[in-house]
Amino acid sequence: MKQVKTFPLLTFWIPLIWLLLVIFCAITAGWMPIPPPDIMDYEHQNALPGTVITFLDQNATGSMLNYKSRVSWLGTDPMGRDMLSRIIIGSRVSLAVGVIAPLVGLVIGGSLGMIAGYYRGFAETVITGLMDVILAFPSLVLLLAVGFYLGTNLWTLIPSLGVLTVPAFCRVSRAATLQLSNREFVTAAKMIGNSNTAILAREILPNVAVPLCVYGLIIMALMIVVEGVLSFLGLSVPPPTPSWGGMIAAGREVLSEAPHVCLVPATILFLTVLSLNVLGDTLRRQTS
């Protein structure tokens, strides 16, 4: 009897729920009852989490001043901007970088790896040589050059990071293809007259896609961390667009007097990266 694999609560379901929560917040941020992330309130700078903030209702009519109050659940930053709003909106940047950049590498690198592992010979030599060139080129220099000539924004950052992930996916795809190319079902497909393209699409790709997707979760975590690091160097999205890395970079200036400004986004970043790594390791063990 075939044993049914079960997914543990601590290393699968809890990380998955956290990631789904982050994705849900990023998608529905525009409909949430949160203040705009770029509204400054210099009367409530570096407010602690849970602070009740009273403000003047700008939509009030008549001669009477109408004051309202709200709870700043995660506090405010040095400019009085709501931390919860900025974290929720900033999750869009982190998820865009963490999802789209690895997807670029997965499609390009996965395809090149399959070609190199299946055809071998000259194609393998050229592709592996190209991957070695990309790996040898200083990543920071590439990102600095792209930022200088094309500007620092999300849609120049993502393709640059995507190109840097191509060699990693190419190596995983090539290794898996080398193991599969001599299997019986591939030999049988060749004997019945299937073309190389059909064999790659029908026989190799479905078996290579699983390890590539599992490995992609690890790369997603890496890209989110890289975006945070690039924020310190001014190579990520420019202000006032919020990002987790940018919030951490801004919070280091007031770390001694208001540690929550840096620690809150750092904790969110840590939990997201940890969830991706744990989920990826769990899926790798389950599929091996």
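Student: Where is the kink in H2 centred, and how many degrees is it about?

Tutor: H2 kinks by about 25 degrees, with the centre on glycine 90. A bend is the angle between axes fitted to the seven residues ending at a residue and the seven starting there. Helices (H or I, at least four residues) and strands (E, at least two) are DSSP runs numbered from the N terminus. This is a predicted model, in which local features need pLDDT of at least 70 and side-chain atom pairs count only at pLDDT 80 or more, while totals for chains, interfaces and linings use all residues. Residues are numbered from 1 along each chain as its sequence is written, and side-chain values use heavy atoms, with hydrogens and water left out.

Student: How many residues does H2 have, and how far does H2 reach?

Tutor: The expected span is 1.5 Å times one less than the number of residues. H2, residues 83-119, has 37 residues and reaches 53 Å from first C-alpha to last, close to the expected 54 Å. Just after H2, arginine 120 has a positive phi of about 55 degrees.

Student: Where does the kink in H5 lie?

Tutor: H5 is kinked by about 35 degrees at threonine 165, shortly before proline 167. From its first C-alpha to its last, H5 reaches 38 Å over 27 residues, close to the 39 Å expected.

Student: At what angle does H5 cross H7?

Tutor: Axes are lines fitted to C-alpha atoms, for helices over the stretch in contact, and angles run from 0 to 180 degrees between N-to-C directions. The axes of H5 and H7 (residues 196-232) cross at roughly 150 degrees and come within 9 Å. H5 is therefore roughly antiparallel (over 145 degrees) to H7. Contact means heavy atoms within 4.5 Å; among the residues making it are Thr165 and Ala168 of H5 and Pro211 and Tyr215 of H7.

Student: Which residues make the contact between H4 and H5?

Tutor: H4 (residues 139-150) packs on H5 (residues 154-180) at about 155 degrees, with the axes 10 Å apart. H4 is therefore roughly antiparallel to H5. H4 contributes Ser139, Leu142, Leu143, Val146 and Leu150, and H5 contributes Thr156, Ser160, Leu161 and Leu164.

How values were computed:
Parallel < 35°, antiparallel > 145°, perpendicular 65-115°, else oblique.
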